[in-house]
Amino acid sequence: MLPTDRPRRNRKSQVIRDMVQETRLTAHDFIFPLFLIEGHSQRLEVKSMPGIYRYSADTVIDEVGRCVELGIKAFAPFPSISDGLKDRLARESANLDGLYLKAVADIKRQFPDVVIMTDVAMDPYSSDGHDGVVDVDSGEILNDASLEVLGQMALAQARAGADIIGPSDMMDGRVAWIRDVLDSNAFQHVSIMSYTAKYASAFYGPFRDALDSAPKKGDKKSYQMNPANRREALRELALDETEGADMVMIKPALSYLDIIREVKDRTNLPVTAYNVSGEYAMVKAAALNGWMDGERTMMEVLLSIKRAGADAILTYFAKEAAEVLRKG
Ligand code: PBG
């Protein structure tokens, strides 16, 4: 028997396909990560991330300007700190005159309308390369001692003008701790986007190259989540909601689309996803080898993350995708 129900009728022309399209990307969806380095007039490409650069505080302003032209209005800066400034307690992270917080303040001064999401975790500033405080004797990551440091870091970021604080450290109780520190210092208006489900992932490799922030010893498995786990993400979600997160994030994105969907179905908070460095590098490597169409793959990746339930996407593709969207 020939079919009477024919889904292909809704695909028969471009106009009809456009009419029934369920998900659309816009530049408003994107948060663009920015790597910062010391110095002047610097713009150094990250080897494992072709097309992504590390900017000094002066050149980053021009880059933000170019992005704003393309309609990208949200940025997530990360600092590459020289070894001499790293210590056990990541003290440099609260330095308002340091590279990171000065750049944040400067971007906000030059572009008052852009949104800056700062990263809360010790690793770029830690001589141990871990997100929390490492016990000198046992090598364990000390949860509650880390909260002190993270709270001070978040407070300094709020003082520098951050709009959103993004704790990416995965310590227990950090959202409530940071909310309390912010509120008791008159920063009630500063939001928290929690890295709710951050997995211990191989996809962070290029990022750690860019910031020289890989752990000196051990791995991050005692705080980042096991990629095998789904229900644990829901447990983290429940905690972040009660602790006062304004938005939640899933990271990485591509291998975790099921987690994005499930979290989206269970929360009324906005959901974001971090399309991480290794996911970017993979597509770029294949495209540069001529093995895949880089532009089409990029747009499909971003679209699928949004279709899975992400309201916003942190992505190194932000600028390139915004250019494609502008071309139409
Ligand atoms: C560290 C941090 C990492 C990323 C963002 N914040 C790396 C890590 O946890 O080791 C990775 C982002 C990416 O790979 O693009 N707190």
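Predicted model: local features only at pLDDT ≥ 70, side-chain atom pairs only at ≥ 80, totals over all residues.
1. You'll find Glu-236 in helix H7, which covers residues 231-243. Setting aside residues up to four places away in sequence, Glu-236 touches Thr-196 and Ala-197. As for the record, an unreviewed UniProt entry lists Glu-236 under "binding site".

2. The unreviewed UniProt entry puts the annotation "active site" on Lys-198 and Lys-251. The two are spread over 54 residues of sequence, yet they cluster in space, with a largest C-alpha distance of 4.8 Å.

3. Take Lys-198 on its own for a moment. Lys-198 sits in strand S9, residues 191-198. Lys-198 is buried, since 27 other C-beta atoms lie within 10 Å. Apart from neighbours within four places in sequence, the contacts of Lys-198 are Ser-168, Met-170, Gln-224, Met-225 and Lys-251.

4. Now for its partner in the annotation. Lys-251 belongs to strand S10, residues 247-251. With 25 other C-beta atoms within 10 Å, Lys-251 is buried too. Beyond its neighbours within four places in sequence, Lys-251 is in contact with Tyr-195, Lys-198, Tyr-199, Tyr-274 and Val-276.

5. What surrounds the ligand? The residues there are Asp-119, Ala-121, Asp-123, Asp-131, Ser-168, Tyr-204, Phe-207, Arg-208, Lys-220, Val-276 and Ser-277. Sorted by class, this shell has 5 charged, 4 nonpolar and 2 polar residues.

6. Finally, the inside of the protein. In soluble globular proteins, nonpolar side chains tend to be buried together. Here the largest nonpolar core has 99 residues, and Ile-31, Leu-36, Ile-178 and Ile-260 have the most contacts inside it. Helix H4, residues 143-160, gives the most to this core, with 7 residues.

7. Leaving out neighbours within four places in sequence, Ile-178 is in contact with Val-120, Leu-150, Gly-151, Ala-154, Ile-165, Pro-167 and Ile-192.

Key. Residues numbered from 1 in each chain as written. Near = placed C-beta within 6 Å. Nonpolar A, V, L, I, M, F, W, Y, C, P; charged D, E, K, R; others polar. Core = buried A, V, L, I, M, F, W, Y, C linked by C-beta atoms within 7 Å. Buried ≥ 20, exposed ≤ 12 C-beta atoms within 10 Å, placed from the backbone. Helix = DSSP H or I, 4+ residues; strand = E, 2+ residues; numbered from the N terminus. Contact = placed C-beta atoms within 7 Å. UniProt positions renumbered as here; feature names shortened; annotations may be inferred.
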